[in-house]
Amino acid sequence: MVVLHVKRGDESQFLLQAPGSTELEELTVQVARVYNGRLKVHRLCTEMEELAEHGVFLPPNMQGLTDEQIEELKLKDEWGEKCVPSGGSVFTKDDIGRRNGQAPNEKMKQVLKKTIEEAKAIVSKKQVEAGVFVTMEMVSDALAQLRGAVMIVYPMGLPPYDPIRMEFENKEDLSGTQAALEVIQESEAQLWWAAKELRRTKQLSDYVGKNEKTKIIVKIQQRGQGAPAREPVISSEEHKQLMLFYHRRQEELKKLEENDDDSCLNSPWADNTALKRHFHGVKDIKWRPR
């Protein structure tokens, strides 16, 4: 199996393995699905952290309004009255004004937070360092865990406009957000290796050869963005170690220069002609002007 270290720009994303005979059309779609799935998990985790702290989403026409404005406009959060957390709620005001402030109690909050940490660990970039291959099944498992935690804490469900529910139903609207720039459509995804685009009409082995033990770094890119930057000859960690070595070497050379004192060569015991002058009887002759 060929090991693919998938990157987006200079950032490691995940490890994937595939036979050399894999069609690049299939492989590109697979990489894009895992990449986008990981983004979905992270988006859900971010929103669920807010859910644990401040309760469900307010209706769009009530978001950002003060209590006085809501009362004056006679607006009512009907879904907020239905979607009550299991075990009762604790009021924690949302300063941003996106959520209704009816947060779950401490026990239910810990259920959400623990599940969030477990889901993050499944799709974490640290899996690259650990040598763990991330598959679509693992991403789906993380999503299922998050969905289960929400169902436990909110058995009555969430409002249809809550971004968490929209993510689970694949109805999320990311337009105008930073998250929209990160998502890569499967049909628009491109894989690059060694400054070459891995064309979908070919097989993986057409580029990496028949060796199934090959490990390559591929970069996922949106079509039309051009070739990504090439990988540096040495990694950032190796660069740091190299700079540290040269710094230490310079310090050692400075100390040697400071200790290179030649004054001892003027001492009598350092005179290599002293024995010769002794036998000639010309030792300690001093010349004075008349």
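At 32% relative accessibility, His 42 is partly exposed, a class lying between buried (under 20% relative accessible area) and exposed (over 50%), with a 1.4 Å probe and protein chains only. His 42 belongs to helix 1; helices here are DSSP runs of H or I with at least four residues, numbered from the N terminus. From His 42 to Ala 119 the C-alpha distance is 8.5 Å, across 77 residues of sequence.

The model is predicted, so local features need pLDDT of at least 70 and side-chain atom pairs count only at pLDDT 80 or more, while totals for chains, interfaces and linings use all residues. Residues are numbered from 1 along each chain as its sequence is written, and side-chain values use heavy atoms, leaving out hydrogens and water.

**Helix packing**

Two packed helices are described by the angle between their axes and the distance between the axes. Axes are lines fitted to C-alpha atoms, for helices over the stretch in contact, and angles run from 0 to 180 degrees between N-to-C directions.

| Helix pair | Angle | Axis distance |
|---|---|---|
| Helix 1 and helix 6 (residues 136-153) | about 20 degrees | 9 Å |
| Helix 4 (residues 106-122) and helix 6 | about 175 degrees | 9 Å |

Helix 1 is therefore roughly parallel to helix 6, the term for angles under 35 degrees. Residues in the contact of helix 1 with helix 6 comprise 12 nonpolar, one polar and three charged. Nonpolar covers Ala, Val, Leu, Ile, Met, Phe, Trp, Tyr, Cys and Pro; charged covers Asp, Glu, Lys and Arg; the others, Gly among them, are polar.

Helix 4 and helix 6 are roughly antiparallel, the term for angles over 145 degrees. Their contact divides into 13 nonpolar, two polar and two charged residues.

Leu 146 sits in helix 6 and is buried, at 0% relative accessible area. Beyond its neighbours within four places in sequence, Leu 146 has contacts (heavy atoms within 4.5 Å) that include Val 41, Leu 44, Thr 115, Ala 119 and Phe 168. Ala 180, 34 residues from Leu 146 in sequence, is 21 Å away, C-alpha to C-alpha.

The largest nonpolar core has 52 residues, and Leu 4, Leu 27, Val 41, Leu 146 and Ile 220 touch the most other members. Such a core is a set of buried Ala, Val, Leu, Ile, Met, Phe, Trp, Tyr and Cys residues joined through side-chain atoms within 4.5 Å. Ile 220, setting aside neighbours within four places in sequence, is in contact with residues including Val 6, Val 31, Tyr 35, Ile 184 and Leu 191.

Note on methods
Helix = DSSP H or I, 4+ residues; strand = E, 2+ residues; numbered from the N terminus. Parallel < 35°, antiparallel > 145°, perpendicular 65-115°, else oblique.
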